[in-house]
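Q: Let us read a structure together, one feature at a time. Please show it first.

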Amino acid sequence: MAVLGCVMFTLLFEGRSRYLINYLPFFAFIAATGIYDFYKSIVK
């Protein structure tokens, strides 16, 4: 997660935001997986 956070920070603030568009499907997939796992842990 720390590596992913560093990559997000670099893409958002250090680099140009247009480079973030290339990685949006990857980050959306990771976010959806995390939200689903969090939901499963709450519903138990």
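Q: How many helices and strands does the chain have?

A: Helices (H or I, at least four residues) and strands (E, at least two) are DSSP runs, numbered from the N terminus. The chain has 2 helices and 0 strands. This is a predicted model: local features need pLDDT of at least 70, side-chain atom pairs need 80 or more, and totals for chains, interfaces and linings use all residues. Residues are numbered from 1 along each chain as its sequence is written, and side-chain values use heavy atoms, without hydrogens and water.

Q: What share of the residues is buried?

A: Buried means under 20% relative accessible area, exposed over 50%, partly exposed in between (1.4 Å probe, protein chains only). Of the 44 residues in the chain, 7% are buried.

Q: How is a pair of aromatic rings described?

A: By the distance of the centres and the angle of the planes. Rings of Phe, Tyr and Trp (its six-membered ring) pair if their centres lie within 6.5 Å; planes under 30 degrees apart are stacked, over 60 edge-to-face, the rest tilted. The whole structure holds 1 aromatic pair. Phe26 and Phe27 form this tilted pair, 5.6 Å centre to centre with 55° between the planes.

Q: Is Phe27 buried or exposed?

A: Phe27 is buried, because its relative accessible area is 12%. Phe26 is partly exposed at 48%.
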